[in-house]
Every structure is written in structure tokens, then in C-alpha cells.
Amino acid sequence: LERVLRKMAGVKFGLGVMLVCSFLISFGSAQNESANFVQSQSDTIDKNSRQATIVCRYTATMQRQLVLKFKRVNNGNLIGGFRFLTVPAGTNKRVNFRVTLSPVIADLDAVEVTLELWPMNGSTPDAFSRVRKVFEVSATSGGGSNGCIPKPSEFPGKSISTLNCKNIMVDLPFNLRFNGNSGGIKDSNGVGTGFTAYVPADKGDSYQRQHLTVRNGELVVRSRAGTWGGSSVNMMANPLSVGLPLPNRKLRVRISFTVPKGLGGDNERLCLFLAATNDDYMQICLISKPSGLRYLVQKEENGKIVMSEQSKLNGSLPGSRKMRLQLMISAFEKNTVVASYGLGNGGFMRAATTNVKGLIVSKDQATIDPDTKTRSLSGFVTSAGKSNDSPRWAVDDFEVVRIEVKETPAPTKPPGEPEIDFDLF
């Protein structure tokens with residue numbers, strides 16, 4: 001059967017799995033033969049179009065076959081037949097698969113894709129390498145039929161959550177320890193992460209649950225090569241957040257996480273952000289540079305980066321590789337935000353202080369959806385930068401608390417000053 005299917009490569013069959021392939025060739029010395037998935041922004045199969053782009057790289061010493069298998073996640077049953085592509089010898093060659101699946105995926109939340117490298121006349125037991133990846137199946141908006149598409153919105157027509165809009169804003173104090181199902185947006189296993197929203201991307205789905213796993217008191221995030229900032233197309237992956245009860249309050253947002261080992265200085269990062277849109281935000285990041293770990297504080301307004309400050313950390317990571325980031329938000333007259341970081345359980349060190357637009361702290365309530373009651377989203381996002389790897393960041397604590405502010409007493413007249421009444425005409 002497999003030999004018959006190989007002859008039918010590129011032809012629609014089975015449950016309607018159709019594959020359109022193209023490949024870009026780069027030559028190099030042969031190494032161990034293997035094939036792997038490449039980071040891509042298209043890790044979601046749309047329920048409406050049933051399409052996704054699967055990207056991989058392979059190394060082969062001679063002509064080989066790449067094989068794709070599509071399976072149900074819950075029971076491993078095949079969806080349609082195998083897909084085959086004959087590829088020439090070479091090192092680190094890239095192949096782009098444009099995949100259209102059967103309408104059966106409308107009833108699925110995810111599809112497991114297996115990529116194998118075979119000899120020309122081989123079969124499954126002969127595979128040189130085998131890797132698996134889970135692709136989410138979701139509606140175009142990323143929010144599903146019961147998701148939140150605010151009206152009015154800074155993201156017209158786009159979903160900001162899989163939850164009802166009334167569940168976006170959280171009560172304070174708010175704390176996530178990831179010790180079980182915390183409700184909210186789900187991870188790859190259907191466990192609630194506790195976060196209630198995500199920031200929509202300009203292109204593709206920013207919520208990619210297949211890269212999220214809640215386990216043993218941590219939310220583990222497999223970072224992707226997303227972009228967020230400036231004139232580039234915003235294609236961030238999993239900018240998870242909660243809606244803040246602003247304005248006219250002082251809030252502290254804090255995150256604790258473990259820095260992955262083996263970062264290569266390729267702009268890999270984790271950022272704590274406060275955002276109203278993907279073009280209006282403030283964030284503090286831990287970023288991996290060739291010179292080592294640094295902090296970056298960035299502010300963007302109307303799609304233009306108006307502040308970007310970075311420096312080496314004032315100290316070294318402890319053996320636990322634990323680190324914390326913090327935003328202190330004073331949403332009063334000047335909308336002041338103080339960004340800080342802490343190494344291990346040590347004290348926080350101020351990185352920068354700035355004032356943000358009233359838009360970011362939910363001023364002008366008349367333009368906010370009456371169900372969400374806020375446009376201020378605060379949370380975290382990771383990026384693999386330019387790395388070919390996918391660093392896993394482990395978040396163990398996220399909290400939002402209100403800081404009480406003493407009211408300033410009204411000014412009094414100087415002693416002995418006479419009282420004068422004025423009549424205005």
C-alpha cells in the first residue's frame with residue numbers, strides 16, 4: 001500500500017488530504033541524515049480553509065523520500081494516507097508543505113503530524129529519522145465561536161480570547177502558580193493556564209496552544225520565531241495576558257521564570273508587557289545577545305518605537321537560573337510605568353521609568369467594549385529570535401496586585417490670609 005501511495009504523491013486521495021510542495025536548495029557537506037520541523041508562524045490549521053504550511057529541513061547523503069503522516073491526537077488513528085516527496089541529496093535543505101486536510105478536522109482541536117525521512121524503496125521501519133508535532137485546529141479568528149471579539153475594539157473583527165468578553169478583566173489580587181487547571185485559555189492538553197486573553201497578531205494566529213504546557217507548578221512555553229515591534233509585521237506567538245482594571249489605580253505586575261540553558265545570543269527573549277494594541281505597548285524583556293544576557297525596555301506608540309533602552313544585567317543569574325520582571329503602573333494624571341528586574345529572590349533593580357499614552361491604561365472609557373471594560377492587557381510573550389532552536393521558558397508565578405495610594409490632602413490657605421469672595425459676571 002505504501003508503494004502505491006508513493007506513486008500517487010501529489011494527488012488528492014483518502015480523506016481528502018492534499019499537499020502542494022516546493023523546496024529551496026542549499027548545498028553543503030553531508031552529515032547524519034535527518035529531517036526536522038522548522039519554526040513557523042503557521043502552526044495552526046484553519047477550520048474554515050483546512051489549510052496550514054508545514055516547514056521542515058532535511059539532510060540526506062543521496063536521493064531520499066520525505067514522508068508526512070497525519071493522525072488524530074487522542075487515539076493516533078491516521079487521517080487519510082501518507083504523503084511522499086522525493087528530495088535530492090543535500091545538507092539543511094528547506095521544504096515548504098502547503099497542506100489541505102479533509103473536512104473531518106472540523107470536529108478536531110488538534111492534529112498530530114509525523115515527519116520521516118525514508119530510503120527510496122523503504123517503509124516505516126526503515127526511517128532514518130522521525131519527529132512529531134501537534135498542530136492546533138481553530139477558527140480563523142483564533143477564538144472559536146464562543147471567543148471574545150470586542151466592539152468597539154483596537155483590533156476590529158479579531159478575537160482577543162477563547163473566553164467570553166466578560167471574563168477578560170480579572171479581579172485583584174490575581175495570582176497564578178500553575179498547580180493545576182486554573183481556567184482561562186487552555187494549554188496543549190486542555191488544561192487552563194489562567195490567562196484570559198492574548199494580543200492578536202497582524203498575520204496568523206497569535207494563540208498557539210500546542211506550544212503551551214502546564215505541569216508541576218510551571219507553565220512551559222516553547223518559544224517561536226515571532227516578531228513584535230516597529231515597522232515589522234507583528235507575528236508574535238502566545239502573547240498571553242489578562243485584562244487590568246484600569247485607570248485611576250496603581251498596580252504591580254510581576255512574573256517569575258527560569259531562564260533556559262543554552263541560549264545562543266540570537267535575540268531569544270521573554271518580555272513582560274502592558275499593551276492596548278500590538279502597536280501601542282510598553283515592555284521589559286530579558287534578551288540573549290552575543291555579549292550575554294541583557295535587559296531591554298521598549299515603548300511603542302502608533303506603530304513606532306519611541307523608546308528602546310538596554311543594558312547588561314547588574315549581576316549574574318543564580319544557579320537556579322530564576323529571574324523576575326516587574327511593571328509598576330500608576331494610571332493617574334501622568335500614566336507612569338516603572339520597569340524593573342530581579343535576579344533570583346534578590347531585590348528589584350529599576351531599569352527605566354516612562355509615561356505611556358492614556359490609551360494603554362484604558363482612559364476614555366467610552367471607546368471600550370462594555371463587556372471587557374478594559375483595553376489594558378498585561379502578560380508575557382517569548383520569542384526564539386533568530387535561533388534555529390525553540391527555547392523552553394518555564395514560568396512559575398504571575399501576579400497582579402493593587403498598591404494603595406494615599407490621597408493627597410487639599411491645599412489649605414496660608415495662616416492669617418483673609419478670605420475673599422469673588423462674584424463672577
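1. Let us start with burial: 52% of the 425 residues of the protein chain count as buried, where buried means under 20% relative accessible area, exposed over 50% and partly exposed in between, with a 1.4 Å probe and protein chains only. Please keep in mind that this is a predicted model, in which local features need pLDDT of at least 70 and side-chain atom pairs count only at pLDDT 80 or more, while totals for chains, interfaces and linings use all residues. Residues are numbered from 1 along each chain as its sequence is written, and side-chain values use heavy atoms, with hydrogens and water left out.

2. On the overall make-up, the protein chain has 24 strands and 1 helix; both are DSSP runs numbered from the N terminus, helices (H or I) having at least four residues and strands (E) at least two. Among contacts (heavy atoms within 4.5 Å) with a separation of 6 or more, 67% join residues 24 or more positions apart. The accessible surface of the chain is about 19700 Å², and carbon and sulfur atoms account for 48% of that; the areas come from the Shrake-Rupley method with a 1.4 Å probe, and for residues only the protein chains shown count as cover.

3. An open sheet is formed by 7 strands with antiparallel pairing, in the order E11-E14-E23-E16-E17-E18-E19. Its edge strands, each pairing on one side only, are E11 (197-198) and E19 (304-312). Two strands pair if DSSP finds at least two bridges between them. As a reminder, strands of a sheet pair through backbone hydrogen bonds, either parallel or antiparallel.

4. How is E18 held on its two sides? Strand E17 (residues 280-289) pairs with E18 in the antiparallel sense over 9 bridges, and E18 pairs with E19, also antiparallel, over 8 bridges. A hairpin through 2 residues joins E17 to E18. The hairpin of E18 and E19 has 2 residues between the strands, and there Asn 302 takes a positive phi near 55°.

5. Is E18 enclosed or open? Of its 10 residues, 7 are buried, so E18 is largely enclosed by the rest of the structure. Gln 298 sits in this strand (residues 292-301) and counts as buried because its relative accessibility is 9%. Beyond its neighbours within four places in sequence, Gln 298 contacts Trp 228, Tyr 281, Met 282, Gln 283, Ile 305, Met 307 and Ser 308.

6. Asn 267, in the loop between strand E15 (250-258) and strand E16 (269-277), is buried at 17% relative accessibility. Asn 355, in strand E22 (residues 348-355), is partly exposed at 40%. The side chain of Asn 355 makes a polar contact with that of Thr 336 at 3.0 Å; such a contact is a pair of N or O atoms within 3.5 Å, where within protein one must be able to donate a hydrogen and the other to accept it, and residues adjacent in sequence count only if both atoms are side-chain atoms. Asn 355 also lies 9.5 Å from Lys 299, C-alpha to C-alpha, with 56 residues of separation in sequence.

7. Turning to the aromatics, the structure holds 7 aromatic pairs: rings of Phe, Tyr and Trp (its six-membered ring) pair if their centres lie within 6.5 Å, with planes under 30 degrees apart counted as stacked, over 60 as edge-to-face and the rest as tilted. The rings of Phe 178 and Phe 195 are stacked because their centres are 6.4 Å apart and their planes at 25°. Phe 178 is buried at 1% relative accessible area, and Phe 195 at 0%. Together with Phe 380 and Phe 398, these two form one aromatic cluster.

8. Finally, the cores. The largest nonpolar core has 51 residues, and Leu 219, Phe 257 and Phe 398 have the most contacts inside it. A second, separate core of 20 residues includes Ala 60, Phe 70, Val 95 and Leu 115. Such a core is a set of buried Ala, Val, Leu, Ile, Met, Phe, Trp, Tyr and Cys residues joined through side-chain atoms within 4.5 Å.
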